[in-house]
Amino acid sequence: MNKHLSKIVIVLGIFVSGLVGIFHTEDAVASQVYLNVTPVSFHYTLDPGDSQSGNFLVSNKGDKTIYYEAKAAPYYATEEDGNMKVFYDQKSSHTEIADWVTFENQSGQIEPGSSTEIKFTINVPSDAHGGGQYAALIVSNSSENPRETGGISISEVANIGPVVYAKINGDIVTKGEIISHDIQGFRFEPPISATSIVKNEGNVHAEAIYTMRVYPLFSDESIYSNEERPASITVLPGATRYYSVTWTADKGAPSIGVYKVKSEVQMFDQFSTLEKIVIICPMWVMIAVGAFIVALIFWIIIRVKSRKAEIA
C-alpha cells in the first residue's frame, strides 16, 4: 500500500512540476520584448560641408517598457571563410561618419504597444574626402536601471538600428571584380541556383545585381525569370560578398528534367554572363535506370549463352 502511495505521490509531483514549467515558459514568452525598426537603411549622396537630417521609428511590440539610448557606430560587412561577418567596432576611413552623427532624442523610454521617432543629423565636415561612409544607428541599453522601474533593458534582447550608406562627392573610385560565377549542372532535386562571389575594390559601395532565367532544353521561352525584380546586394569598399539566386520547389521549380539556365552578374562596369545545362534527376530515377540497365545486361548474357547452347 505504501509502495502504491509513493508511486502516486511521485507521479503527482512530476505532473505538478510539468505544469509549473509550462507556466514559467508562458510567463517568459509573455515577458519577451519585440522591437521593430523602420526603415532599415538610409542612402544619401552628400557634398563636403552638407547637413542631412533623418529619423527612424522604433516600435515596442512587447509588454515591457523599453529604456533605450541611441548611438552611431562604425559599420562594415564582408565575407570571411564562407560566412557573412558584420562589424560595429572597426574604425576606418570609411566609417568616419559615425562621428558626424548627432541625435535629438538620444535616450528615453518606449511603453508597450507604442513607438518613438528618433531624429538624427549628419554634419559632413567641409574637408571630408570623397568616397563611401558607413555607420549603424544603434538603439542600445540605456544607462538607467530598468529593473527598478519594472522595465527591461534592450541588451536582454539585441542591439538594433538602421544602417547609413553615404556617398561623399569628390574623388570617387568605382572598381570591382567578379571572382567566381557558377551554376550547378546536376542536382538530385531542386533548387536551381546560380552563385557568385564579388569583390569591391573601389572606395564607394556598389550594388551587385543578379538575374537568372530558366528555359526548357528545346525552347527559348523562359519558365522562370527574375528580370523584373532582380536580386541585389550592397557591397562595401574592400568587402567580398557571396550570393545565390535560387529557384526553389515551393516557387514552382521542377523536380525532374533538363533545362537551360542563364545567369548574369553586374557590379560597377564588371559584367559576367553564364549559360549552362542543368539536369535534375531524383535518386529514385537513377536507381530505377541502374536496375533496368543491370537487368538488360543480365538478359543479354542469358540470350547469348542460350544461343551458344543451341548452336552447340
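Gly-185 lies in the loop that links strand E13 (176–183) to strand E14 (186–187). The model described here is predicted. Gly-185 has a relative accessibility of 21%. Buried means under 20%, and exposed means over 50%. Gly-185 therefore counts as partly exposed.

The contacts of Gly-185 reach across the sequence. With neighbours within four places in sequence left aside, Gly-185 touches Lys-276, Ile-277, Val-278 and Ile-279. Ile-277 is 92 residues away from Gly-185 in sequence. In space, the C-alpha atoms of Gly-185 and Ile-277 are 6.0 Å apart.

The chain as a whole has two helices and 21 strands. It contains 312 residues, and 37% of them are buried. Contacts between residues at least 6 apart in sequence were also examined. Of these, 72% join residues at least 24 apart.

The largest nonpolar core holds 36 residues. Tyr-75, Val-198, Tyr-210, Met-212 and Val-214 touch the most other members of this core. Strand E16 (residues 206–216) gives the core its largest share, five residues. A second core is separate and has 26 residues. Its members include Ala-70, Ile-110, Phe-120 and Ile-122.

Beyond its neighbours within four places in sequence, Tyr-75 is in contact with Val-86, Phe-87, Tyr-88, Thr-95, Tyr-134, Ala-135, Ala-136, Val-163, Tyr-165 and Leu-236.

Note on methods
Residues are numbered from 1 along each chain as its sequence is written. This is a predicted model: local features need pLDDT of at least 70, side-chain atom pairs count only at pLDDT 80 or more; totals for chains, interfaces and linings use all residues. Side-chain values use heavy atoms; hydrogens and water are left out. Helices (H or I, at least four residues) and strands (E, at least two) are DSSP runs, numbered from the N terminus. Buried means under 20% relative accessible area, exposed over 50%, partly exposed in between (1.4 Å probe, protein chains only). Contact means heavy atoms within 4.5 Å. A nonpolar core is a set of buried Ala, Val, Leu, Ile, Met, Phe, Trp, Tyr and Cys residues joined through side-chain atoms within 4.5 Å.
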